[in-house]
Amino acid sequence: MIPLAKIVALLIGSLVLVPGCATSRKTLVPTVPTNGDASARQRFSAAMSEFRRDGHEQSAAELEAIARQYPDDPIAPYARLYAGMAAVDSGDFAAATRNLKALAAAEVTDEALRARGTLYLGIALAYQRRCTDALPLLTSEERAINTDAERGEWLASVAECTVESGHPGDALAYYDAYYDLARPAERAYITARLSAIVATLSPDVVSRAYAKLSRRDGPVAAVLGLRYAADLTARGEAATAELVVTDTAGARERMGMATFAGGDAGDPQRMGAVLPLSGRRGRVGDLVMRGLVLAAGTFAGSDGAASPLPPFSLSVRDAA
């Protein structure tokens, strides 16, 4: 799932460190209460069984109904959390925001419950391009990430919102980390997005970013290396440019990117994709399509202004 993401973490990270990475993970899991109305708990348990079976659209509605019908019951804020999480997964970001804001307003003592609610509210707002509101939430509760899928969602959210906030160069490290967790279609999006971002950076920013690279096998090295080499060539430093191209060639090979003579990686404003737009995987294809359309520059910023990145042409075929 492409968070439009899913998008900036304990802002704004240096390329020297890969943001959001740790040697171990301590998960935060809310402790569901065992007191209160027995009927509410029974309904909550049934809804959570549906939630765990990936029936998120159905469980979201039922969990929200439980919270509405038992507003003073101890189970209500937990129902709000999982209703919000289910709504994010099913793409109903307005419903997710509604439930997670209600949770944020509630008086809860469960630290994990509050932290998880804050994290998912940030993700829901990021999907809606409400990055001014999303970023403080995302940056404050990285600790609430429990799975690699959630970390990918978080990285995508903070990366996209960093770009939206007018600091595209500061998003590079987040895209780099997101790439390692992304699906193939998402990786294609990341590569195209990075190409568009790097094309907007000044030569000084490119030079500093390249000097800070902590890895030479990721998508940032692949794209940034070509841009830096082009800048060096324009300054008459062809020998150094050749060294940069060679130094980052392994990253492009790993990513399946062609490197052409002179450090030209082709037109970064052209992109094609083959996606499952029908059948059982149609929803996944639709989510990826949303990210591609965003990258193509068809969405305005949250304030109605045009995206700071140049648009690129997009061609899509149904994989079915």
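Is C161 buried or exposed? C161 is buried, with a relative accessible area of 0% (buried means under 20%, exposed over 50%, partly exposed in between; 1.4 Å probe, protein chains only).

Some ground rules. This is a predicted model, where local features need pLDDT of at least 70, side-chain atom pairs count only at pLDDT 80 or more, and totals for chains, interfaces and linings use all residues. Residues are numbered from 1 along each chain as its sequence is written, and side-chain values use heavy atoms, leaving out hydrogens and water.

**Stop 1: the disulfide.** Select C131 and C161. They form a disulfide with sulfur atoms 2.2 Å apart (the cut-off is a pair of cysteine sulfur atoms within 2.5 Å). The link is left-handed, at -75 degrees about the S-S bond. C131 sits in helix 6 (residues 131–140) and C161 in helix 7 (residues 148–164), so the pair ties together parts 30 residues apart in sequence. Helices are DSSP runs of H or I, at least four residues, numbered from the N terminus.

**Stop 2: R129 and E164.** This pair forms a salt bridge, closest N and O atoms 3.0 Å apart (a side-chain nitrogen of Lys or Arg within 4 Å of a carboxyl oxygen of Asp or Glu). R129 is buried, at 8% relative accessible area.

**Stop 3: R216 and D247.** Their side chains meet in a salt bridge at 2.7 Å, N to O. R216 is partly exposed at 31%; D247 is partly exposed at 37%.

**Stop 4: R252.** Go to helix 13 (residues 249–255). R252 is buried yet has no salt bridge; D247, the nearest side chain of opposite charge, is 9.0 Å away. The R252 side chain reaches the backbone oxygen of A222 at 2.9 Å.

How values were computed. Helix = DSSP H or I, 4+ residues; strand = E, 2+ residues; numbered from the N terminus. Lys, Arg positive; Asp, Glu negative; His and termini not counted. Polar contact = N/O pair within 3.5 Å; in protein donor to acceptor, adjacent residues only side chain to side chain.
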